[in-house]
Amino acid sequence: MAVLTRLLGDLDLAEEAVQEAFTVAADRWPSDGMPPSPAGWIITTARRRAVDHLRRESARGAKEAEAARLHAPEPASEETDLLRLIFTCCHPALGREAQVALTLRLLGGLTTPEIARAFLVPEATMAQRIVRAKAKIRDAGIPYRVPEQAKLPDRLPPVLAVLYLIFNAGYAAGSGPDLVRDDLCAEAVRLSRMLAALMPDEPEVAGLLALQLLISARRPARTTVDGSLVRLADQDRSRWDAALVAEGQELVRACVRRGRPGPYQLQAAINAVHSAAARAEATDWPAILQLYDQLMALTPTPVVALNRAVAVAEVAGPAPALKIVEALALDRYHVFHAVRADLLARLGRADEARDAYKRAAQLTDNEVERAHLLAEAHR
Amino acid sequence: MKTYLLSVYQPDGPTPPPEVLGPIMEGLAALNRELHDTGAFVFTAGLCPPDTATVIRAKDGDVLLTDGPFTEGKEHIGGFTVIQAPDLDAALRWGERMAAITTLPVEVRPFAS
């Protein structure tokens with residue numbers, strides 16, 4: 001998509017051409033076999049389709065010149081193209097919701113229904129949001145380029161927010177039979193690594209990368225052989241990816257040395273504390289609670305408050321934690337009900353806990369998570 | 001090149017005193033010279049207060065006139081500038097400077113091509 005957008009200078013045309021190329025691939029690859037470079041094949045095919053399309057549409061003139069331009073040599077760097085597309089999708093002239101939706105659509109490869117679910121909005125609303133964002137990019141002339149150095153501090157935060165959302169969309173897949181969409185997580189980590197290389201002086205980029213690495217490290221222990229969910233406290237920590245843990249922790253230490261904390265660095269630090277515990281019982285919960293207090297000071301959202309409450313339960317017990325949780329307006333968020341259920345169970349209020357687990361199961365679209373929540377409800 | 005309309009929104013009410021307005025007008029004049037020099041300038045104008053406006057509506061072959069601006073509200077367009085720029089980022093940079101000089105909100109809106 002990124003390469004085609006640069007070549008064609010038009011998001012809709014690029015998207016159409018890529019879709020056509022995938023249709024051809026679905027038709028041919030099963031009989032002809034996979035080409036040696038599937039991505040390269042898609043790009044070449046999509047570009048040919050776009051050239052045909054432009055020729056058909058225009059008898060002469062500017063469009064013909066445009067079609068000729070498409071025969072220009074291959075791009076210098078595919079990574080730069082991706083960054084260009086990210087910064088275009090995350091341009092500050094677009095609303096945050098539009099930025100996130102567009103990036104997930106164009107770079108994350110999510111379908112519109114999946115994006116709609118991630119944001120808890122109706123599908124039609126999300127579809128309209130994406131169409132409107134693409135129209136604004138085209139009509140207002142939002143440029144397809146990486147912003148100059150001086151503008152990066154303003155242009156970066158939306159990019160980080162978007163990458164984190166792609167990661168989360170992968171790590172807690174909204175729907176379907178798989179708990180995790182590893183492809184999306186890998187994509188978010190890849191883009192974050194690129195950003196970190198491009199912007200070594202931005203601690204929040206390093207923080208975001210560290211956060212993703214530390215969470216990814218637990219991936220092998222997060223599901224059992226049959227694919228069911230294992231909670232953090234119950235995970236076999238010897239199965240964590242030690243190399244990812246080490247890399248993430250080193251990034252966190254570097255961030256701490258810099259002394260410019262931000263939301264991603266703090267979340268990474270929380271995960272670094274978890275990773276440092278060889279057994280769940282050895283977790284330094286007071287340190288985690290302190291980090292959550294700092295995070296609440298920077299980003300006082302209900303979801304952060306919910307996560308902080310989990311730490312409160314470990315430090316001060318389930319009763320004060322439940323009091324915090326029940327004041328939160330997160331009735332449509334399945335994790336809210338799962339946390340509540342766990343706290344109720346620990347307080348011996350079994351009937352209420354069962355109902356809360358059932359409510360959580362109703363609200364998640366992920367089959368693995370639902371199975372886990374229903375099992376808890378019937379324990 | 002794309003064409004953009006930069007509209008300055010100003011609160012209704014009396015004109016600011018000369019010691020406030022003076023530096024703003026100087027700043028705008030300098031900005032306009034720069035727009036001219038760089039070839040970005042197309043047109044600019046300041047407007048009389050909104051209560052000098054008249055709205056016309058065609059109705060059943062007749063016209064209906066109403067005294068005052070089309071939109072209700074406490075702010076109206078006080079002036080506008082039409083510029084040419086290679087892309088939105090360039091147009092926004094001109095708009096940012098205009099907002100800083102006037103201390104007022106500036107709306108940047110692309111012309112339909």
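At what angle do helix α6 (residues 96-106) of chain A and helix α9 (residues 152-171) of chain A pack, and how far apart are their axes? The angle is about 50° and the axes lie 10 Å apart, where axes are lines fitted to C-alpha atoms, for helices over the stretch in contact, and angles run from 0 to 180 degrees between N-to-C directions. This is a predicted model, in which local features need pLDDT of at least 70 and side-chain atom pairs count only at pLDDT 80 or more, while totals for chains, interfaces and linings use all residues. Residues are numbered from 1 along each chain as its sequence is written, and chains are lettered from A and ligands numbered from 1 in the order in which they are written.

**Chains**

- Chain A has 20 helices and zero strands; helices (H or I, at least four residues) and strands (E, at least two) are DSSP runs, numbered from the N terminus.
- Of the 379 residues in chain A, 41% are buried, a residue being buried if 20 or more other C-beta atoms lie within 10 Å of its own, exposed if 12 or fewer, and partly exposed in between, with C-beta atoms placed from the backbone.
- Chain B has two helices and six strands, in the order β-α-β-β-β-β-α-β from the N terminus on.
- In chain B, 15% of the 113 residues are buried.
- Two residues are in contact if their C-beta atoms, placed from the backbone, lie within 7 Å.
- Among contacts between residues at least 6 apart in sequence, those joining residues at least 24 apart make up 57% in chain A and 74% in chain B.

**Contact between the chains**

- Six residues of chain A contact six residues of chain B.
- The chain A side of this contact has four nonpolar residues, one polar and one charged; Ala, Val, Leu, Ile, Met, Phe, Trp, Tyr, Cys and Pro count as nonpolar, Asp, Glu, Lys and Arg as charged, and the others, Gly among them, as polar.

**Helices α6(A) and α9(A)**

- The two helices α6(A) and α9(A) are therefore oblique to each other, given that angles under 35 degrees count as roughly parallel, over 145 as roughly antiparallel, 65 to 115 as roughly perpendicular and the rest as oblique.
- Their crossing is right-handed; a crossing is left-handed if the near helix is turned anticlockwise from the far one by less than a right angle, and right-handed if clockwise.
- From α6(A), Arg96(A), Gln99(A), Val100(A), Thr103(A) and Leu104(A) meet Pro158(A), Ala161(A), Val162(A), Leu165(A), Ile166(A) and Ala169(A) of α9(A).
- This contact comprises eight nonpolar, two polar and one charged residues.

**Helices α13(A) and α14(A)**

- Helix α13 (residues 242-258) and helix α14 (residues 263-276) of chain A pack at about 130°, with axes 9 Å apart, and are therefore oblique.
- The crossing of α13(A) and α14(A) is left-handed.
- Contributing residues include Val245(A) and Val252(A) of α13(A), and Ala268(A) and Ala272(A) of α14(A).
- By class, the contact of α13(A) with α14(A) has six nonpolar, four polar and no charged residues.

**Helix α18(A)**

- Helix α18 (residues 334-346) of chain A spans 19 Å from its first C-alpha to its last over 13 residues, close to the expected 18 Å, which is 1.5 Å times one less than its number of residues.
- Ten of the 13 residues of α18(A) are buried, among them His334(A), Arg340(A) and Asp342(A).
- The buried residues of α18(A) pack against α16 (302-316), α17 (318-326), α19 (350-363) and α20 (367-377) of chain A.
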